[in-house]
Amino acid sequence: MGTRAAEGIVLKGIFAAHRATHPSAPEAIKRLAHRLDVCFAARNLRRVFNQEGIRAVTGSDFDDFVEMLFTLGVIGVKVDETTRYHKAHFQYTFDAPLNAQEDADELCFHPLFTRYLFERSALRNRSTVVKPTYPYGSDPRDGDYRARLGYAAASGRS
């Protein structure tokens, strides 16, 4: 099985796990495709939400839609950038909801959702410099960031 097939299985699992609370998630999220970059100013999400009629699809207001995107792990809040990656916090690594300041923060799509949303432009992205998103805390050299945030003992255990 290749990466594309594995990503598809994981995405179907995420959507199935949240179907009861977010039945329109696949269609609503797909409406973001090619409308935002991999990382984007948080304020641009509201513009796309309005232009793409996402309220009509979900029946949710903008804040509930953003909460859904965080809950499903679709987007995270950008915290750093390297020469190769955007680093972002994703809600699934915290025990409290993430929040984004619409006028100040940048948001990034999780790498799992990148192909789902940007497959048509994948070849174009390879020919230009488009940095993928790296979920912060995935790099062992980062150390256990949970300890710095008070979520785990600094003893080195995970």
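Helices here are DSSP runs of H or I with at least four residues, numbered from the N terminus, and strands are runs of E with at least two. The model is predicted. By that numbering, D63 belongs to helix 5, residues 62-71. D63 has a relative accessible area of 54%, so it counts as exposed, the cut-off being over 50%. Together with D61, D64 and E67, D63 forms a negative surface patch.

Strand 2, residues 75-81, has two pairing partners to consider. With strand 3 (residues 86-89) it pairs in the antiparallel sense over four bridges, and a hairpin of four residues joins strand 2 to strand 3. Within strand 3, H89 stands opposite V77. With strand 4 (residues 106-109), strand 2 pairs in the antiparallel sense over three bridges; there F109 is the bridge partner of I75.

E27 is partly exposed at 44% relative accessibility, and R31 is partly exposed at 28%.

K78 takes part in two others. Its side chain meets that of E81 at 2.7 Å, N to O, and that of E106 at 3.7 Å, N to O. Because K78 lies in strand 2 and E106 in strand 4, the latter pair ties together parts that are 28 residues apart in sequence. Through shared partners, salt bridges join K78, E81, E106 and K131 into one network.

Methods: Residues numbered from 1 in each chain as written. Predicted model: local features only at pLDDT ≥ 70, side-chain atom pairs only at ≥ 80, totals over all residues. Heavy atoms only, no water. Pairing = 2+ DSSP bridges. Patch = residues over 30% accessible without salt bridge, like charges linked within 9 Å, V, L, I, M, F, W, Y side chains within 5 Å. Areas by Shrake-Rupley, 256 points an atom, 1.4 Å probe, with all protein chains shown as cover. Salt bridge = Lys/Arg side-chain N within 4 Å of Asp/Glu carboxyl O. Lys, Arg positive; Asp, Glu negative; His and termini not counted. Charge placed at Lys NZ, Arg CZ, Asp CG, Glu CD. Buried < 20%, exposed > 50% of the residue type's maximum accessible area, 1.4 Å probe, protein only.
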